[in-house]
Amino acid sequence: MASPIEAVVSPPNPNPNPNPNPPPSHKKECIHVFWHEGMLKHDTGRGVFDTGMDPGFLDVLENHPENSDRVKNMVSILRRGPIAPFISWHQGRPALTSELLSFHTQEYINELVEADKEQGKIICSGTFLNPGSWDAALLAAGTTTSAMKHILDGHGKTAYALVRPPGHHAQPTQADGYCFLNNAGLAVQLALDSGRNKVAVIDIDVHYGNGTAEGFYCSDKVLTISLHMNHGTWGPSHPQNGTVDELGEGKGFGYNLNIPLPNGTGDKGYLHAITELVVPAIEKFEPDMMVLVIGQDSSAFDPNGRQCLTMEGYRRIGKRVCEMAERHSDGCLLIVQEGGYHVTYSAYCLHATLEGVLNFPVPLLSDPIAYYPDNESSSSVAV
Ligand SMILES: [Zn+2]
């Protein structure tokens, strides 16, 4: 009996018979994926979910949700899933600490270097800098900027930085929410420093991309857009509240667009928000570079999110964002990995997103678990 994958994907076919799954319908040939296995060495430990705590009365503790297994599956699905022939792999590299100063302050970087020397420190709630973590953070930052440079140098139109630890909560002066260095923010700044004039960031991680927003809060050269759970502030490391009235300041006023969405928004609600709010904002801004910040923690099964996207929703979001990049930035699109904590479904949702970016006419991979339908009656009022 054919596996679900075999049922929807034809094997490489050397004979002239028509292939039931034709190649991507537009000129984008592949996605350039930047990765380095040293990022697996960031060990976030075990405990009660993300606390690192052993209360003493539980027999079985669990891995911290931001663990290496989730990313191992993202790597393996891109290597061995049906999208594999359309992926071009590139080796990542560590950032120099001097590069980090384009987004972060020297004082903050010094704090992290000192914490690394102390061999283990909780930087803020749920955010552990253990032996190996700093090297992994430098790899995530350098790998993301390498992916952006690949596009800036004209070697490809679409690059994906498959990185951890994540970065979009990291602010210029402090860590937050499992993040130390703002990988996407560093890449955006590199684009600006290389002559791009306007960069748009669309962040679909289930949490507010507060660090990226903060880094460009006073800039009219970067339009930061974040679709997220309406989670509000969560303590001193995350003072931003993610509401619609956080619009930017000074020259940057009007260049931060927060789109908080109700729990359970689902595929149709997200697409509605993108069509009604994101597309017009991008049309008006006319970016010459686009960055899609992805987190599979917006999925229906994520332990850290309540937003109920399925593979189909991710696929359609990937397609819509790619269409915007084709229209405005000559197809130039950097995709940056953030959260996504369901160890298997996150990989499937990543695969679906990249299918959408490549604009396959039919899904390459069927959804193994999304059987519970959207509550469509609430989709139109989701925004
Ligand atoms: Zn997240």
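Predicted model: local features only at pLDDT ≥ 70, side-chain atom pairs only at ≥ 80, totals over all residues.
Q: What makes β11 and β12 a pair?
A: Between β11 and β12 there are five bridges, again parallel. The requirement is at least two bridges, and therefore these strands pair. Here M290 stands opposite L333 in β12.

Q: What is the order of the strands in the open sheet?
A: The sheet has eight strands, in the order β4-β1-β7-β12-β11-β8-β9-β10, and the pairing is parallel. From one strand to the next, the twist averages 15°.

Q: Why are β4 and β10 called edge strands?
A: Strand β4 (87–91) and strand β10 (256–261) each pair on one side only.

Q: How do you know that β8 and β9 belong together as a pair?
A: Strand β8 (residues 199–203) and strand β9 (residues 222–229) are joined in the parallel sense over five bridges. Within it, A200 has L223 of β9 as its bridge partner.

Q: Which strands does α5 touch where it packs on the sheet?
A: Helix α5 touches β1 (31–35), β4, β7 (158–161) and β12 (333–337). The direction of α5 makes about 175° with that of β7.

Q: Why is A137 called buried?
A: A residue is buried if 20 or more other C-beta atoms lie within 10 Å of its own. A137 has 29 such atoms within 10 Å, and therefore it is buried. This residue lies in helix α5 (residues 133–152). Leaving aside residues up to four places away in sequence, A137 touches P165, F180 and L181. A137 and P94 are 43 residues apart in sequence, while their C-alpha atoms are 8.1 Å apart.

Q: What makes β12 a mostly covered strand?
A: Five of the five residues of β12 are buried. On one side these are L333, I335 and Q337, and on the other L334 and V336, so that both faces are covered. In a regular strand the side chains alternate between the two faces of the sheet.

Q: Why is α10 called mostly covered?
A: In α10, 14 of 14 residues are buried. Helix α10 (residues 345–358) packs on the sheet, where β1, β7 and β11 (289–294) are touched. The direction of α10 makes about 145° with that of β1.

Q: How do you know that the span of α10 is close to the expected one?
A: From its first C-alpha to its last, α10 reaches 20 Å, and 20 Å is expected for its 14 residues at 1.5 Å a residue. The helix is followed by N359, which has a positive phi near 60°.

How values were computed: Residues numbered from 1 in each chain as written. Helix = DSSP H or I, 4+ residues; strand = E, 2+ residues; numbered from the N terminus. Buried ≥ 20, exposed ≤ 12 C-beta atoms within 10 Å, placed from the backbone. Contact = placed C-beta atoms within 7 Å. Axes fitted to C-alpha atoms, helices over the stretch in contact; angles between N-to-C directions. Expected span 1.5 Å × (residues − 1).
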